[in-house]
Amino acid sequence: MTQAPASVPAAAPAPASAPTAATPADDAVEMAPLPGRSLTDDPQWFKKAVFYEVWVRAFRDSTGTGVGDLNGLVEKLDYLAWLGVDCIWIPPFFPSPERDGGYDVDFLTGIQVQLGTHQGMKVLLQEAHARGIRVISDFVVNHTSSDHPWFISSREDPEGPHGDYYVWRDDDTAYADARIIFVDSEESNWTFDPVRKQFYWHRFYHHQPDLNYDNPQVLEEILNALRFWLDLGLDGFRLDAVPYLVEEEGTNCENLPGTHAILKRIRQMVDEEYPGRMLLAEANQWPNEAVEYFGDGDECHMAFHFPVMPRMFMALRQGSRASISQILADTPELPENCQWATFLRNHDELTLEMVTEEERDYLWAQYAPVSKMRLNLGIRRRLAPLVDNDIRQIKLLHSMLLSLPGSPVLYYGDEIGMGDNIWLPDRDGVRTPMQWTSEGPGGGFSEANPYLFPKPIPCAPPYGIEHVNVADQQADPDSLLNWLRHTLQVRRAHEVFGLGSFRELESTNEVFAFERAQGSTRVLSFNNLTEWPQLVDVQLEGLVGRTPSVLSGSIGEAPEVIVDQYQLELPPFGYVWLLFSDPPATPVQRS
Ligand code: BGC
């Protein structure tokens, strides 16, 4: 028998009332036992996990429609287990008109027909769990699609049951201090509805009306929808766009106490009814505000650390660690039962909201010289093209991502260095089909006629399927894919990466040097941010006479620590992770 997810309660309570909820398919799924990893029963599993975001619609099409689906993801679970992923994050898979990639939901407990069924979701969860992989999904708490039956009812019948489910006003003057997020497409956070003859409030696209949490019934509906998916077996949620849940006159309508109260209520429900499941906050905020989404350990278990991400890219171009050092110094301690989520890229534009205007101009000039590469306050490009396909820089960015505090979140396709397509609209250019093989026309993504693909599969060098694909990189021991897989194995073998303390080391040059420590284990991470060789030159107390082992890096061996001042040379954009442990650790062999 395969192991049931440790976090699933024996008998989950039935939703109190779920007006629009469907019933989860309850027929059991027969499964063969699988060798390899199984789920840990650690309720704080997320603190050591490596996450992987799958854009399901572009990952693997199992039905020949040209659109990726849940069953296609099931087909690729062995690959994700091979890569060493602990948790998959799937963006919204709910019924939706897909005017915002599915973040415009019109049925909170349904599944978009093209993507699969509830039974298919159960199979995905069981097959993933059988491989020791958890699955979280997005849940859009702030808004729905304007096609949602609640909104249709609200606009048509102000006195009806959903009349107060959204934020309606007679004019568009309220909350004037709230910024517009999608600046390239929206002129106001208010839109006039000709049916109700009032304005409704929306922080994103005008077709995504914000829910009205002043109405307590709305939170009850959301809780019930969350319960529905937790009952089905999801391991948690990325709670989308959480800073904007409530509005208050005279404020910027972000991070308000009412918003935190709602998240605490959601957490309470999870703790009481589904212990071991996880909430991850998408709060694109400065560290002192982002940390509030942990509450006192009673709000979200995780929150993305948005500001550190653009600073990794800035550090590379400036050849300077100053900006990362500063933001990490500005990052408050987090509660013991919480963890940051860190990332390089995701399905959105590389957001530059959490930098100064001057820094944004610099990053745009460096990484998005052509206007088509820009979107809102960000850059709509993938990792490899951002660094001119330079594998040294891709590895260096991953070295920082995987050794800094926080649980890393990888984005599908970046593990093989996929390119982007800036000619596609909105953020579609970073959501093109996964490149599994060199074989055209579908590259292993789909057997359908490529004319059916919503986004074309890249064909041209250097990023086309003939040049960048999983199969070729699996076969090449020196590929980016095999390097990343090995580096994830190293990370998994040393829990100091997930749980250890962090301390930046004084360095006399532009090597970003820091220590992670847990008990008698110390890992030093050295990252040369420049295009020249650099001498690592750091003060190391208490390690004289010790020779570290190289866990991963651009050099094969590291010298013994002879005196407190330790020196070693790193190549351009080179990195190394050194381990001092008692007793010395056995090296992780490549497999
Ligand atoms: C998601 C975006 C989406 C927006 C509105 C975000 O933060 O990541 O993809 O467009 O929320 O739902």
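Residues are called buried under 20% relative accessible area, exposed over 50% and partly exposed in between, with a 1.4 Å probe and protein chains only. The model shown here is predicted, so that local features need pLDDT of at least 70 and side-chain atom pairs count only at pLDDT 80 or more, while totals for chains, interfaces and linings use all residues. Residues are numbered from 1 along each chain as its sequence is written, and side-chain values use heavy atoms, with hydrogens and water left out.

View 1. Helices (H or I, at least four residues) and strands (E, at least two) are DSSP runs, numbered from the N terminus. The C-alpha trace spans about 80 × 55 × 50 Å along its principal axes. Because a compact globule of 591 residues would have a radius of gyration near 25 Å, the 24 Å of this protein agrees with that expectation; the radius is taken over C-alpha atoms, and the globule rule is 2.2 Å times the number of residues to the power 0.38. Of the 591 residues, 61% are buried. Counting as a contact any heavy atoms within 4.5 Å, residues 24 or more positions apart account for 70% of the contacts with a separation of 6 or more.

**View 2. The largest nonpolar core and Ile90 within it.** A nonpolar core is a set of buried Ala, Val, Leu, Ile, Met, Phe, Trp, Tyr and Cys residues joined through side-chain atoms within 4.5 Å. The largest such core has 157 residues, and those with the most contacts inside it are Tyr52, Ile90, Phe139 and Trp229. Helix H5, which covers residues 216-232, gives the most to this core, with ten residues. A second, separate core of 18 residues includes Val511, Val536, Leu568 and Phe580. Returning to Ile90, and not counting residues up to four places away in sequence, its contacts include Val54, Val56, Leu70, Leu73, Met121 and Leu124, and also Val135, Ile136, Ser137 and Asp138.

**View 3. Helix H8 and the elements that cover it.** Helix H8 (residues 308-318) is mostly covered, since nine of its eleven residues are buried, among them Arg311, Met312 and Phe313. The cover over the buried residues of H8 includes helices H9 (322-329), H10 (357-367), H11 (383-386) and H12 (391-403), together with strands E10 (339-343) and E11 (350-351). H8 is followed by Gly319, whose phi is positive, near 60 degrees. In helix H9, Ser323, Ile324, Ser325, Ile327 and Leu328 are buried, and the buried residues of H9 pack against helix H7 (287-290), H8, H12, strand E15 (501-504) and strand E16 (511-518).

**View 4. Ile457 in the loop between strand E14 (407-411) and helix H13 (470-475).** Ile457 is buried, because its relative accessible area is 8%. Leaving aside neighbours within four places in sequence, Ile457 is in contact with Pro433, Met434, Pro441, Gly442, Gly443, Phe445 and Ile465. The C-alpha atoms of Ile457 and Ala58 are separated by 9.5 Å, although these residues are 399 residues apart along the chain. Pro441 is also found in the loop between E14 and H13, and a cis peptide bond, with omega about 0 degrees, joins Gly440 and Pro441. Pro462 lies in the loop between E14 and H13 as well, where a cis peptide bond joins Pro461 and Pro462, again with omega about 0 degrees.

**View 5. His162 in the loop between helix H4 (149-156) and strand E4 (168-169).** With a relative accessible area of 17%, His162 is buried. Not counting residues up to four places away in sequence, His162 touches Trp150, Ser153 and Ser154. Its C-alpha atom is separated by 9.9 Å from that of Asn215, which is 53 residues apart from His162 along the chain.

**View 6. Glu98 and Cys253, each with a positive phi.** Glu98 is not a glycine, yet its phi is positive, at about 55 degrees. The place of Glu98 is in the loop between strand E2 (87-90) and helix H3 (118-130), and Glu98 is partly exposed, with a relative accessible area of 29%. Cys253, also a residue other than glycine, has a phi near 60 degrees. Cys253 lies in the loop between strand E7 (236-240) and helix H6 (257-273), and counts as buried because its relative accessibility is 1%.
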